[in-house]
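Me: Hello! I am new to this structure and would like to walk through it with you, one question at a time.

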Amino acid sequence: MPHVPEPSELVAEKQVPADTLSSYLPRVDQFYIPEWFTMQFIANNMVSFTPLFSYGSTVISIERSKTALGFSIDICATMMIASILRISYYLITPYETALLRQSLVMIFIQLILLKTTLKYRPEEYKYENLRNVEPLSELLHNVWLEQFGVSRPHYFSDDWKQNIIKLSPKKLLRLFYKVIMVFVYKILKFFDPSYKRIFSFWQWNNDRIFWMFLLIFSSIQILVTLFISKMMNWDELAQYLGSIIGALGLLVEALLPLPQISILHNLKSVQGFKLILLVSWLCGDTVKITYLVFGAKNISILFFFFAFFQMALDFYIAGQYIYYKYYYSKNRHTGLNNIAEEIELQTFNPSSRKHSVGNSAAMKYGDEYSERSLVMENRDDTPPLVPMQGASRRSSTI
């Protein structure tokens, strides 16, 4: 008599393929997608190693063009100083390991970029070829002379106090405003690579001074932090020092775009400045602000201020990039063509023909136009040449 399967046996037979498949799939997942390969792993490594691509492309571009013209060497100083400060801050207040790895990677690529930039540094960036900035005392003296019409007396003297007391509140505010603008002017000129800085900071002609400065700065910074936070265990002083280091690092990084803005403005060109570098700055600003708004807690208002300030400067560079790459050269050539057409019209105008020799526009825009005006005069004013005996007949046509 044939065996009739029980209902429980039928259920077991139906579950066999499912059990086999479920036991097989984890092996496939384990073989093709490791457990450590997660979205967080991808995001952390993208944050850590993005500087290799953004600044590495700049290194390749400088090597190919054999010149660092258009790239601000101050970017190397800014990013390395900010990264060293972040490492010091990590010794006091540990944060995400990915951000610490990013700082180490940033220092590595910036050292390569600095070496490449110094190798192909153009003559325009040498210290002796830079412009001088007016001394602070001279600027303040000019403000005083403009306000009072007399030379500035000694500070805190009776004449100085009497002149200040005589001012109305409106004029006094105007004087303070001009004095503040003088200090702002001096600060901005310090970040302008085309002007000489005090002690020729980061404009040294000797390349060894760059490396010595980085070595001394990083050594002192790390050793002082380790001494206070780890060796002496001064927790209160370490927290205070950490706050200073963190705020200073954000300030230095926020000022990163200023030298590049100045260089693009002076060159009126984006030569030597890579688009991927600008994109990485804007993406970094977006990630930083997103983290401050949604991920961080108990963040000081200074963090938000520096983050938005840096993003505003990066957007300004984006505007410079678009204008100088796509519009500036076109407008310049169009303007020159219009000038050339005006000169031609003035040259061929019969009413102004006799005055074309002294025409200022012809003298300003080259000898070609002045020669053309002389030709037009000779066509009507010069009498025809009379052929001389024994000489070949010449034509008076020019």
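This is a predicted model: local features need pLDDT of at least 70, side-chain atom pairs count only at pLDDT 80 or more; totals for chains, interfaces and linings use all residues.

Me: Which residues touch the most other members of the largest nonpolar core?
Reply: A nonpolar core is a set of buried Ala, Val, Leu, Ile, Met, Phe, Trp, Tyr and Cys residues joined through side-chain atoms within 4.5 Å. Buried means under 20% relative accessible area, exposed over 50%, and partly exposed in between, with a 1.4 Å probe and protein chains only. This core has 36 residues, and those touching the most other members are Tyr55, Leu114, Trp202, Phe273 and Trp281.

Me: Which elements give two or more residues to this core?
Reply: Helices here are DSSP runs (H or I, at least four residues), numbered from the N terminus. The elements are helix H2 (39-65), H3, H4, helix H8 (207-231), helix H10 (257-267), helix H11 (275-295) and helix H12 (301-326).

Me: How are helix H3 (residues 74-92) and helix H4 (residues 97-119) placed, roughly parallel or roughly antiparallel?
Reply: Axes are lines fitted to C-alpha atoms, for helices over the stretch in contact, and angles run from 0 to 180 degrees between N-to-C directions. The axes of H3 and H4 are 9 Å apart, and the angle is about 150°. Angles under 35 degrees count as roughly parallel and over 145 as roughly antiparallel, with 65 to 115 roughly perpendicular and the rest oblique. H3 and H4 are therefore roughly antiparallel.

Me: How many nonpolar, polar and charged residues does the contact of H3 with H4 have?
Reply: Residues of H3, including Ile75, Met79 and Tyr90, meet residues of H4, including Leu100, Gln110 and Leu114. Ala, Val, Leu, Ile, Met, Phe, Trp, Tyr, Cys and Pro count as nonpolar, Asp, Glu, Lys and Arg as charged, and the others, Gly among them, as polar. The contact has 14 nonpolar, 3 polar and 1 charged residues.

Me: Is leucine 111 buried or partly exposed?
Reply: Leucine 111 lies in helix H4 and touches Met80, Trp211 and Leu214, not counting residues up to four places away in sequence. Because its relative accessibility is 32%, leucine 111 counts as partly exposed.

Me: And is aspartate 74 buried or exposed?
Reply: Aspartate 74 has its place in helix H3. Not counting residues up to four places away in sequence, aspartate 74 touches Phe191, Pro193, Arg197, Trp202 and Pro259. With a relative accessible area of 7%, aspartate 74 is buried.

Me: How many of the 11 residues of H10 are buried?
Reply: The buried residues of H10 run through Pro257, Leu258, Pro259, Gln260, Ile261, Ser262, Ile263 and Leu264. Their cover includes H3, helix H9 (235-254) and H12. H10 is largely enclosed by the rest of the structure, because its count of buried residues is 8 of the 11.

Me: Within what distance do the axes of H8 and H9 come?
Reply: The contact is made by residues including Gln221 and Ile228 of H8 and Leu237 and Ile245 of H9. The axes of H8 and H9 cross at roughly 150° and come within 9 Å.

How values were computed. Residues are numbered from 1 along each chain as its sequence is written. Side-chain values use heavy atoms; hydrogens and water are left out. Contact means heavy atoms within 4.5 Å.
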